[in-house]
Amino acid sequence: MDNEKGLLIVLSGPSGVGKGTVRKKIFDDPSTSYKYSISMTTREMRVGEVDGVDYFFKSKAEFEELIKQDQFIEYAEYVGNYYGTPVQYVKDTMDQGYDVFLEIEVEGAKQVRKKFPDALFIFLAPPSLDHLRERLIGRGTESDEKIQSRVKEARNEVEMMNLYDYVVVNDEVDLAKQRIQSIVEAEHLKRERIEARYRKMILEAKK
Ligand code: 5GP
């Protein structure tokens with residue numbers, strides 16, 4: 001029987017929310033079976049980073065050549081550098097039946113949504129969003145200006161959430177990790193997936 005295709009899991013969210021930290025926590029857990037898709041980037045390697053482990057580090061010219069060859073599922077420019085997800089690894093790994101995990105910024109996530117509507121989209125939200133209400137109206141001590149800027153920030157974040165299936169508040173890294181693992185587990189138990197598996201079994205049995 002052919003392998004059942006793996007899930008594509010996309011973790012994204014506003015800059016500075018801690019996506020990288022949560023992702024590392026997930027992959028430090030030996031029980032994690034998903035495969036991390038290593039991105040390509042044109043940014044400088046940081047101390048302690050390893051080419052081919054943290055990223056595939058490329059020159060701008062190399063990256064632009066790969067864009068031309070349509071080698072990315074998505075790519076985005078972020079703070080003056082390119083970041084992108086190589087298409088081949090993701091497709092091959094999903095075909096082998098593994099879940100593939102992307103940790104990318106929001107513009108890239110939008111592109112993935114268009115190409116892989118069945119992927120699982122998880123938005124990592126800052127804890128501040130959770131506490132916003134009390135901060136906004138609770139104390140009555142904040143200046144109007146401060147309240148307005150918080151409202152604006154919150155509105156941006158809520159609008160970004162639009163495209164996602166789940167929202168995980170990153171109030172504590174371990175909790176965020178557990179919530180993400182639970183979401184993925186539940187996604188595998190979706191009736192559609194299980195039904196498809198049984199239908200396939202029945203078809204094979206008839207042969
Ligand atoms: P950093 O330079 O701190 O490693 O990453 C900067 C941002 O780029 C983070 O928000 C990270 O999630 C995002 N990022 C990493 N890889 C990719 C990718 O392949 N595509 C996109 N669109 N964003 C990425």
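Modeller: Axes are lines fitted to C-alpha atoms, for helices over the stretch in contact, and angles run from 0 to 180 degrees between N-to-C directions. Two packed helices are described by the angle between their axes and the distance between the axes. Please keep in mind that this is a predicted model.

Colleague: At roughly what angle do the axes of helix α1 and helix α8 cross?

Modeller: The axes of helix α1, residues 19-28, and helix α8, residues 173-188, cross at roughly 65 degrees and come within 9 Å. Because angles of 65 to 115 degrees count as roughly perpendicular, α1 is roughly perpendicular to α8. The crossing of the two helices is right-handed.

Colleague: Which residues in α1 and α8 meet?

Modeller: From α1 come Thr-21, Val-22, Lys-25 and Ile-26, and in α8 they meet Val-173, Asp-174, Ala-176, Lys-177 and Ile-180. The residues of this contact divide into 5 nonpolar, 1 polar and 3 charged.

Colleague: How many residues surround the ligand, and which are the closest?

Modeller: The ligand is surrounded by 15 residues, of which the closest are Ser-39, Arg-43, Tyr-55, Tyr-83 and Glu-103. An oxygen atom of the ligand lies 3.2 Å from an N or O atom in the side chain of Lys-19, while for the side chain of Arg-46 the corresponding distance from a ligand oxygen atom to an N or O atom is 3.1 Å.

Conventions:
Residues numbered from 1 in each chain as written. Predicted model: local features only at pLDDT ≥ 70, side-chain atom pairs only at ≥ 80, totals over all residues. Heavy atoms only, no water. Helix = DSSP H or I, 4+ residues; strand = E, 2+ residues; numbered from the N terminus. Parallel < 35°, antiparallel > 145°, perpendicular 65-115°, else oblique. Left-handed = near helix turned anticlockwise from the far one by under 90°. Contact = heavy atoms within 4.5 Å. Nonpolar A, V, L, I, M, F, W, Y, C, P; charged D, E, K, R; others polar. Near = heavy atom within 4 Å. Polar contact = N/O pair within 3.5 Å; in protein donor to acceptor, adjacent residues only side chain to side chain.
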